[in-house]
Amino acid sequence: VQLQASGGGLVQAGRSLRLSCAASGNVFSLVNAGWYRRTPGNQREMVAWITSSGTSAYADSVGGRFTISRDDAKRMVSLQMDNLKPEDTDVYYCHAFIRPSQSSPVYNYWGQGTQVTVSS
């Protein structure tokens with residue numbers, strides 16, 4: 001199983017970016033999934049999260065500006081980032097709990113990071 005993140009880039013403050021994370025390989029179902037970024041202490045903090053039923057949660061710093069969505073048919077999770085601020089500059093990582101086959105347990109996977117840079 002692989003998670004492939006894409007969509008990062010350089011934008012001016014106030015503009016938008018859309019990140020996508022696609023699961024490939026032996027993927028029976030995408031369970032819960034989300035996006036993380038690194039804190040100054042080099043820990044990964046949750047930015048947005050979405051459950052298999054579509055319930056979402058956001059970090060306080062991005063609420064009202066970011067929207068997470070999922071497309072189970074495409075095995076993809078996306079993060080629409082609007083009204084970006086310079087403090088959103090970071091490497092964003094996708095994470096997902098995936099069931100590789102119908103009878104298997106759920107495992108967690110991380111995608112490679114994608115850089116988001118917001119200029120003032």
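View 1. Cys-21 is buried, at a relative accessible area of 5%. Buried means under 20% relative accessible area, exposed means over 50%, and partly exposed lies in between (1.4 Å probe, protein chains only). The model is predicted: local features need pLDDT of at least 70, side-chain atom pairs count only at pLDDT 80 or more, and totals for chains, interfaces and linings use all residues. Residues are numbered from 1 along each chain as its sequence is written, and side-chain values use heavy atoms, with hydrogens and water left out.

**View 2. The disulfide between Cys-21 and Cys-94.** The structure holds 1 disulfide, a term for a pair of cysteine sulfur atoms within 2.5 Å. A disulfide is a covalent bond between the sulfur atoms of two cysteines. Here Cys-21 is joined to Cys-94, with an S to S distance of 2.2 Å. The pair ties together distant parts of the chain, 73 residues apart: Cys-21 sits in strand E3 (residues 17-24) and Cys-94 in strand E9 (residues 90-99). Which hand does the disulfide have? The torsion about the S-S bond is about 55°, so the disulfide is right-handed. Cys-94 is buried, at 1% relative accessibility.

**View 3. Ser-20 in strand E3.** Ser-20 counts as buried, with 16% relative accessibility. Leaving aside residues up to four places away in sequence, Ser-20 touches Gln-4, Ala-5, Ser-6, Trp-35, Met-76, Val-77 and Ser-78. Contact means heavy atoms within 4.5 Å.

**View 4. Val-1 and its partners along the chain.** Val-1 lies in the segment before strand E1 (2-6). Is Val-1 buried or partly exposed? Val-1 is partly exposed, at 34% relative accessibility. Residues up to four places away in sequence are not counted; beyond them, Val-1 touches Ser-24, Asn-26, Val-27, Ile-98 and Tyr-109. Val-27 is 26 residues from Val-1 along the chain, and their C-alpha atoms are separated by 6.7 Å.

**View 5. Positive phi at Asn-42 and at Arg-75.** Asn-42 is not a glycine, yet its phi is positive, about 65°. Asn-42 is placed in the loop between strand E4 (29-38) and strand E5 (44-50). Arg-75, also a residue other than glycine, has a positive phi near 55°. Arg-75 lies in the loop between strand E7 (66-71) and strand E8 (76-81). Arg-75 is partly exposed, at 32% relative accessibility.

**View 6. The whole fold, for orientation.** The protein has 0 helices and 11 strands. Helices (H or I, at least four residues) and strands (E, at least two) are DSSP runs, numbered from the N terminus. The C-alpha trace spans about 50 × 25 × 20 Å along its principal axes. The radius of gyration is 14 Å, in agreement with the value near 14 Å for a compact globule of 120 residues. That radius is taken over C-alpha atoms, and the globule rule is 2.2 Å times the number of residues to the power 0.38. Of the 120 residues, 38% count as buried. Among contacts with a separation of 6 or more, 55% come from residues 24 or more positions apart.

**View 7. The surface of the protein.** The protein exposes about 6200 Å², and carbon and sulfur atoms supply 46% of it. Accessible areas come from the Shrake-Rupley method with a 1.4 Å probe; for residues, only the protein chains shown count as cover.
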